[in-house]
Amino acid sequence: MHGEYKVPGGKLVVVDLDVEGGALRKVRVAGDFFLEPDDAILAIDAALEGAPAHTDTAGLAARIDAALPASTVMLGLTSEGVAVAVRRALAHATEWSDYDWQLIHEAPQSPALHMALDEVITAEVAAGRRPPTLRVWEWASPAVIIGSFQSLRNEVDPAGAARHGITVVRRISGGGAMFVEPGNTITYSLSVPDSLVSGLSFADSYAYLDDWVLGALGDMGIKAWYQPLNDIATDAGKIAGAAQKRVVGGEGAVLHHVTMAYDIDADKMLDVLRIGKEKLSDKGTGSAKKRVDPLRRQTGLTREAVIERMIDSFRTRHGLTRGNVTDEEMARAEELVATKFGTEEWTARVP
C-alpha cells in the first residue's frame, strides 16, 4: 500500500507498507523533508512496524513521538503528517496526479445559479460522469451567500441588502456568510472524488485542498497560511474563507469552495451583514473592517491577473485542461434554481 501527504506548510511524506494479520508490516517512510539525526527515520519505521491497522492518526503519531531520539529535529515534517500518510495508504487514497483535472471558467452567472452549479457538478464527479473540476466563478450581481445552517435574520439586514441591490442566497455547505461584489471577489470551487481526501480528518481536508492556492499566492509574493478551521490568512489579515460539503452517491465527492477578497467595500458590507461582537472577538479583532485584507492591496495586480496566475499555478502543479458546463448540467442547475436555490423556502429554511 502506498500513501502520500503534503504537510501543510511543509514537505511531502510518502509511506509504503503492507498489512499482515491486522498489523502494519514492512513500513518505509520517505519524502523530501529534513530530519536529524539520520537514524531517526529508522526509529519512525520501527515505531509503526506492528501497529494495529485500525490505529487512528493520533495513536500512530503518539507511537512515533515515543520512539524518536530526544535530539530529533524535524523540518517540513511532523509525526502527525507521517500518521496521516499511513492512514491514506490504508484507505487507498488517490493523489492529485491520478486525475485529469478540468477547468470551468465561463461568463458571469447569477448567485442562485452558482449555488446550483456547485451541487450539480459535484454530483457529476461523485457519479463518475465528470473529472475532478476546478470552477472559477464570475459574478453577475452582488450577493450575500449564507451558510447552510445560518439564521437568515441573524446574518443579513434586509433593508441594507435592498438598499444596495444585493441578492441573498443560501449554499449547501456550512460556514459563515460571505459578502461578494463582481469586481471585488474571487471565488472558486473544487469538486473532487472522495478518495482524494481519504484518510484525512474533516479539518485536515481543508488544509490539503487549500495547499495549491497557498502556493499560488506565494508565487505572487504573498506569504499565506491555512488558519483552522476554514480561513486563509496573512500577516495583514484574513484574505479568504472556505467551506465544504460531502456529496453521497456513486463513489462520493467533496465540494470545497473558497471566496477570496480581491477588494472590499467595508462600509457597504457592514450595512448588509449583521456581524456580531462574539464573532469579532473570536477572530481577535474589534472591527469587521480589520478582519479582511484585500488581495488588490497585497499584490498590486488586477483581479483578472490574480485569477490567471492562480489558474496557471494549478495547471503547473496538477495539470488542467479547459472544459465547460454541459447542456445537461446547465439544465439541471436551472431546474434547481427554480425549485430550490431561487426560492424563499430554501433561503429562509433557517429563518
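A residue counts as buried when its relative accessible area is under 20%. The exercises below apply this and related criteria to a predicted model.

**Exercise 1. Helix α3**

Task: Determine how many residues of α3 are buried, and what span the helix reaches from its first C-alpha to its last.

Solution: 
1. Helix α3 covers residues 79–90, which amounts to 12 residues.
2. Applying the cut-off of under 20%, one finds Ser79, Gly81, Val82, Ala83, Val84, Ala85, Val86, Arg88, Ala89 and Leu90 buried.
3. With 10 of its 12 residues buried, α3 is therefore largely enclosed by the rest of the structure.
4. From first to last C-alpha the helix reaches 17 Å, close to the 16 Å expected at 1.5 Å a residue.
5. After α3 comes His92, which has a positive phi near 55°.

**Exercise 2. The sheet of β1, β2 and β3**

Task: State the strand order of this open sheet, and explain why one side of β1 and of β3 is left without a neighbour.

Solution: 
1. The three strands are arranged in the order β1-β2-β3, and their pairing is antiparallel.
2. Strands β1 (2–6) and β3 (23–31) are at the edges and each has a single partner strand, so one side of each lacks a neighbour in the sheet.
3. Ignoring direction, neighbouring strands of the sheet are turned by 20° against each other on average.
4. Between β2 (residues 12–20) and β3 there are seven bridges; Glu20 has Ala23 in β3 as its bridge partner.

**Exercise 3. Asp118**

Task: Classify Asp118 as buried or exposed, and describe its surroundings.

Solution: 
1. Asp118 belongs to helix α4 (residues 111–127).
2. Its relative accessibility is 2%, so Asp118 counts as buried.
3. Leaving aside residues up to four places away in sequence, Asp118 touches Arg135, Trp137, Ser189, Leu255 and His257.
4. With Arg135, the side chain of Asp118 forms a side-chain polar contact of 3.1 Å.

How values were computed:
Residues numbered from 1 in each chain as written. Predicted model: local features only at pLDDT ≥ 70, side-chain atom pairs only at ≥ 80, totals over all residues. Heavy atoms only, no water. Pairing = 2+ DSSP bridges. Helix = DSSP H or I, 4+ residues; strand = E, 2+ residues; numbered from the N terminus. Axes fitted to C-alpha atoms, helices over the stretch in contact; angles between N-to-C directions. Buried < 20%, exposed > 50% of the residue type's maximum accessible area, 1.4 Å probe, protein only. Polar contact = N/O pair within 3.5 Å; in protein donor to acceptor, adjacent residues only side chain to side chain. Contact = heavy atoms within 4.5 Å. Expected span 1.5 Å × (residues − 1).
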